[in-house]
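Hi,

Here is the structure I promised to pass on. Have a look at it first, and my notes on what turned up follow below.

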Amino acid sequence: SAQKLVGDGIVLSRDPDVLDTWFSSALWPFATLGWPEKFSPSLCDGEVAARSDDGGAGSEISPSTMPSARSPSPSSFDKLRIDGEDLLSRHYPGDVLVSGFDILFFWNARMAMQGLHFMEAPPFKTMYLHGLVRAADGSKMSKSKGNAVDPLILMDKYGTDALRFFMAAMESQGRDIKMDESRVEGYRNFATKLWNAARFCQANGIGASTSVAAPAAELAVNRWIIGEVVETLAKLNKAFAEYRFDGMADCIYHFAWGTFCDWYLELIKPSFLDGEKQDMDPESKLVAGWVFDQILVMLHPFMPFITEELWAAMGDRGGNLIIHAKWPEPGAPANPILFSVGNEAVDAKAYFDWIIKTIVAVRSARNEVGISPGQRLTASLTDATPPFWDLLPEAQSMFERVGRIEITPFDGAVDTSGLRIAVPGATLIVSLEGTIDLKAERTRLTAGITAISKERDSVAARLNNPAFMEKAKPEAVEKARADHAEKAAEVGRLQAALMRLG
């Protein structure tokens, strides 16, 4: 018998004060707030509800209805009060539960059922289920497999902010997160970009903003960046309302790194005359400081440590931390009107989109044919269509300073066999005389096309082989497809570069 297995005279019995793990965890939303002492059904429906042991009316809920729930002592419950208000009334029900999908029925559903039964209201209004963090190959992390990743090691190596941002950027509803250390490293580089932007601002007299609203701006570049802040904030708020944390991270990342650091700061960077650096105009200092503050506040939920550090470093905040800062409210219309060309209005966003896309096209062409990024070029403008190219005189200084290219109207005297660059609304012809060895460059591009085409065709043959497709692991097939797409894209890029040279 069971008694003999444990010794004569010993009788086993169930402990009456032990709950199943998930069952007791289901009480967490209200038991941690002082329940059942201060249970007040009026917080749910405005009426004092009563319930007997069998679920009918007759007796108020008390510890006897839940004998396994331990009641806090009066002294301990006194600690669960704020300004005379009990925490149960203050905090139940909650708003959003964030949880992994794998415990939906183990825990989340049990909390909902226990809340409905004992509190007569669900413990949360919205449940957000996120994916799981898996190993780089998509398998579940396990100590026995040896593929578990220690987040503390990643934090020491790349910083806590970088790891936090990686988790937010990779979190997409219905998708697990594959642990990719290279992406964490990339977000560490993003943090470095922010440090460098702060140093640039400090070196040019740009400090903390004193206004939540956008400053008044007359310069085209400043009116443009204010409109970009308004647009970014709208996207950020929309993604947050939809629980798209990956969308929020993507939005603020591209605005901070691309729009602000790579373009705006370059466009307002002081010029050099006769070898001496010119001072930045006061309006741009004011607007740049305001925009950087907006970036820090919008980025703070993702990267709290670096944003707090930079918030204090940019100027006197009166002792206030960034967590106390007001969420951005620019109060400025997006895309303010900048120019009127004929009967057509041109706004700041469209104007600077044109400038940026033109410079990007020039930089891409430089890279394809092996021209140094710092080498200044001269281009003739052909096939130009209004309204933007009518604004070339106003934009010329930005093309020269940021794009390293001087654009002049085509007069028929330029060698039309030069490098042709398709830009928005026009074509640029860049004379390569004395810039590169055209014959050598054509030879290099032709050889590259031949070599990469062979690699592309080899991968294609493997993908068209039924034996490979049947026996290979899914990840091997996926890698082969990715390699084929990469090789095909590279061949297309080299062929386009060769065509540019004529």
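Before anything else, a word on burial: a residue is called buried at under 20% relative accessible area, exposed at over 50%, and partly exposed in between, using a 1.4 Å probe and protein chains only. Please keep in mind that this is a predicted model, so local features need pLDDT of at least 70 and side-chain atom pairs count only at pLDDT 80 or more, while totals for chains, interfaces and linings use all residues. Residues are numbered from 1 along each chain as its sequence is written, and side-chain values use heavy atoms, with hydrogens and water left out.

The overall picture

The protein chain holds 19 helices and 14 strands. Helices (H or I, at least four residues) and strands (E, at least two) are DSSP runs numbered from the N terminus. Of its 502 residues, 39% count as buried. Taking contacts in the chain with a separation of 6 or more, residues 24 or more positions apart account for 73% of them; contact here means heavy atoms within 4.5 Å.

The sheet

There is an open sheet of four strands in the order β12-β11-β14-β13, and its pairing is mixed. Two strands are said to pair if DSSP finds at least two bridges between them. At the edges sit β12 (405–409) and β13 (419–423), each pairing on one side only. From one strand to the next, the twist averages 30°. Angles run from 0 to 180 degrees between N-to-C directions, and axes are lines fitted to C-alpha atoms, for helices over the stretch in contact.

Five of the five residues of β14 are buried, so the strand is largely enclosed by the rest of the structure. In a regular strand the side chains alternate between the two faces of the sheet. Here A426, L428 and V430 point one way from β14, T427 and I429 point the other way, and all are buried.

On one side, β14 (residues 426–430) pairs with β11 (residues 377–382) in the antiparallel sense over four bridges.

Helix α15 (residues 348–369) lies across β11, β12, β13 and β14, running at about 150° to β13. Helix α16 (residues 392–403) packs on the sheet as well, touching β11 and β12, and its direction makes about 150° with that of β12.

The loops around α16

Most residues other than glycine have a negative phi, and most peptide bonds are trans. The loop between β11 and α16 includes D383, which has a positive phi of about 55° although it is not a glycine. Is D383 buried or exposed? At 57% relative accessibility, D383 counts as exposed. P387 is found in the loop between β11 and α16 too, and a cis peptide bond joins P386 and P387, with omega about 10°.

R404 has a positive phi of about 55° and is not a glycine; at 29% relative accessibility, R404 counts as partly exposed.

Another cis peptide bond joins Y92 and P93, with omega about 0°. P93 is found in the loop between α6 (87–91) and β3 (96–100).

A helix pair

Helix α9 (residues 160–170) and helix α10 (residues 181–203) pack at an angle of about 115°, with their axes 8 Å apart. The contact is made by A162, L163, F165, F166, A169 and M170 of α9, and by R183, V184, Y187, R188 and F190 of α10.

Cysteines

How many disulfides does a search of the whole structure find? Zero, taking a disulfide as a pair of cysteine sulfur atoms within 2.5 Å. For C201, the nearest cysteine sulfur is that of C261, 8.2 Å away. C201 is buried, with a relative accessible area of 0%. C251 also counts as buried, at 13% relative accessibility.

Cheers
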